[in-house]
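User: Hi! Could you walk me through this model, starting with its loops and then moving on to strands, helices and domains?

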Amino acid sequence: MLYDFDKQINRRNTNSLKWEVGENELPMWVADMDFETAPEICAAIRKRAAHGVFGYSTVPEEWYQAYIGWWKRRHDFQMEKDWLIFCTGVVPTISSMVRKLTTPAEKVLVLTPVYNIFFNSILNNGRQVLESRMEYDGETYQINFEDLEQKLSDPQTSMMILCNPHNPVGKIWDRETLGRIGELCWKHHVVVISDEIHCDLTEPGCAYVPFASVSKHCRDNSVTCVAPTKTFNLAGLQTAAVAVPDPVLRHKVRRGLNTDEAAEPNAFAIDAAIAAFTEGEAWLDALRGYILENKKAAAEYIRGQIPQIEVVPSKATYLLWLHCSRMVGFAAEAAEYMREKTGLYLSAGNRFGAGGGDFLRMNIACPRAVLEDGLCRLKEGIAAYEEFAVNRC
Ligand SMILES: Cc1ncc(COP(=O)(O)O)c(C=O)c1O
C-alpha cells in the first residue's frame with residue numbers, strides 16, 4: 001500500500017488536545033484524525049522548516065490558484081480569486097462574522113443537532129442561538145422547512161450557519177435542499193455562512209454541493225468557509241479561507257477578519273495549504289477508501305454486537321452518529337460512565353443541541369486496530385452502563 005493508514009503513531013506527550021487523556025483512555029471524540037498527513041505536505045513543511053527564517057508571511061498567487069484549482073477539479077465549482085480571503089481557522093472566522101454581520105441580541109439560526117462550537121461563536125458574542133431542529137426518521141435527517149421559514153422570518157434573525165456536509169449527522173445536503181434554504185434566506189434577508197470544512201471527506205463516489213454553486217441568490221448572500229485542515233489533518237497549522245462572491249459582503253468580512261487579527265498566516269500555513277490542494281489528491285482518495293472500510297467494519301460490529309445502538313447512515317465525515325435507541329438509561333450519562341469504566345472517550349450527543357440527547361458521536365479516523373479496540377470498549381461500556389442503570393431503578 002502506498003499510504004499506511006494502519007500505522008499506529010503514539011500521540012501522547014505531543015501536546016495533542018485529543019490525546020491529553022489518562023494512560024488507559026482511548027479518545028474518539030474531537031474531529032482530529034490519528035493518521036500522518038500526506039507525505040507531500042510533510043515534505044513542504046520540512047522544506048519550509050529547513051529555511052530557518054520564520055518572519056511574517058504574505059499570501060502568494062499560488063495559494064489562490066491552489067484553492068481555485070482544487071474546487072474546480074474536485075467539486076466542479078469555479079471560484080474566483082477575488083472571492084478568497086486567507087483566515088486562520090473556520091471557527092475564528094465564524095466568530096468574527098457573527099460580530100461583524102449581526103448586532104448584539106440578534107438571532108443566529110442553526111439546524112440542530114450541529115457542531116457544538118457554533119453555539120460558542122454565537123453566545124460568546126452576545127447573540128442568541130435559534131435552533132431549527134432537524135427531523136430524524138430512523139434513516140436520515142430532514143429539515144422542517146415550515147419551522148425553518150417561521151424562524152428565518154423573525155425580524156431578529158440575521159444569520160444562518162449551515163454545516164455542509166453536516167457534522168455530526170454526516171449528511172450531504174442535495175442541491176434542491178440547499179436551493180430552498182438559499183431562497184428562504186434571501187427572502188428574509190438572512191445571510192448564510194456555509195461551513196464546508198468537511199466537504200472533501202465524503203464517501204468515494206459521493207460529491208457534495210457547494211452552497212454558492214446552487215443559484216445566484218445562494219452565491220450573492222453567502223460566505224463559504226473552506227480549509228485543508230479536516231481533510232488533511234492539519235488543524236494545528238491554522239490555515240483556512242473564506243470565499244465571498246458578493247463584493248459588499250466581502251468588504252465587511254475582510255474588515256472583520258482584519259480587525260480580529262485572523263487574516264495573517266503563520267510561516268507554515270501557506271505552504272501546507274498549497275501542497276495539500278495541489279499534491280494531496282492521491283492520499284485523500286486512499287484515505288476516503290480507508291475511512292469507508294472503517295465505517296463498514298464499525299457498522300457491522302455494532303449491528304452484530306451492540307444491538308442497543310444504531311449507526312445513523314451517513315455519506316460524509318469520519319464521525320459516527322450513534323443512536324442509543326434501545327439502550328437503557330441516558331446517552332450523556334453512558335458516555336461519562338463508559339469513559340470512567342473502559343477509558344473510551346466519546347462525545348455525548350446532547351452537546352450538539354436539540355435532538356442530540358439520545359446519541360453519541362464517535363470519531364473513527366484511526367488505524368483499524370485502534371478502531372477495533374474502541375468498538376470492544378463500546379460494547380463493554382454500554383453493557384456495564386445498562387447494568388448500572390437497571391440496578392439503580
Ligand atoms: C463543522 C466544523 N467547523 C469548523 C471546525 C473547526 O475549524 P477550525 O479548526 O478551522 O477552527 C470543525 C472541527 O471539528 C467542524 O467540525
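Predicted model: local features only at pLDDT ≥ 70, side-chain atom pairs only at ≥ 80, totals over all residues.

User: Where is proline 165 found?

Analyst: Residues are numbered from 1 along each chain as its sequence is written. Helices (H or I, at least four residues) and strands (E, at least two) are DSSP runs, numbered from the N terminus. On that scheme, proline 165 is found in the loop between β7 and α6.

User: What is the omega of the peptide bond from asparagine 164 to proline 165?

Analyst: Most peptide bonds are trans. The one from asparagine 164 to proline 165 is cis, and its omega is near 0°.

User: Which other peptide bond is cis, with omega near 15°?

Analyst: Look at proline 168, which also has its place in the loop between β7 and α6. With omega near 15°, the cis bond here runs from asparagine 167 to proline 168.

User: How many residues of strand β7 are buried?

Analyst: A residue counts as buried if 20 or more other C-beta atoms lie within 10 Å of its own, as exposed if 12 or fewer do, and as partly exposed in between, with C-beta atoms placed from the backbone. Strand β7 spans residues 157-163 and is mostly covered. The buried count is 7 of its 7 residues.

User: Which strands pair with β7 in the parallel sense?

Analyst: Two strands pair if DSSP finds at least two bridges between them. Strand β3 (residues 107-112) meets β7 over 4 parallel bridges, with valine 110 partnered by isoleucine 161. Strand β8 (residues 191-195) meets β7 over 5 parallel bridges, and cysteine 163 has aspartate 195 as its bridge partner. The strands you asked for are therefore β3 and β8.

User: Which helix makes a right-handed β-α-β unit with β7 and β8?

Analyst: A crossover is right-handed if, with the strands pointing away from the viewer, the path from the first strand over the helix to the second runs clockwise. In the unit made with β7 and β8, the helix covers residues 175-187 and is α6.

User: Is strand β9 enclosed or open, and which of its residues point the other way from Ser222, Thr224 and Val226?

Analyst: 5 of the 5 residues of β9 (residues 222-226) are buried, so this strand is largely enclosed by the rest of the structure. Both of its sides are buried: Ser222, Thr224 and Val226 point one way. Pointing the other way are Val223 and Cys225.

User: Why do the buried residues of α2 line one face of the helix?

Analyst: Helix α2 (residues 61-75) has 15 residues and reaches 21 Å from its first C-alpha to its last, close to the 21 Å expected at 1.5 Å a residue, where the expected span is 1.5 Å times one less than the number of residues. Its buried residues are Trp63, Ala66, Tyr67, Trp70 and Trp71. They line one face because, seen down the axis of α2 and taking directions from the axis to the C-beta atoms, they fall within an arc of 115°.

User: Which exposed residues are on the face of α2 turned away from its buried side?

Analyst: On the buried side, the cover includes β2 (84-87), β10 (240-243) and α10 (269-279). The face turned away carries the exposed residues Glu61, Lys72 and Arg73.

User: Which element supplies the largest share of the side of domain 1 that touches domain 2?

Analyst: An automatic or database domain assignment sets the bounds, giving domain 1 (26-39 + 281-392) and domain 2 (53-279). Across the boundary, 27 residues of domain 1 are in contact with 33 residues of domain 2, contact meaning C-beta atoms, placed from the backbone, within 7 Å. α11 (281-305) and β12 (319-323) each supply at least two residues of that side of domain 1. The largest share, 4 residues, comes from α11.

Methods. Contact = placed C-beta atoms within 7 Å.
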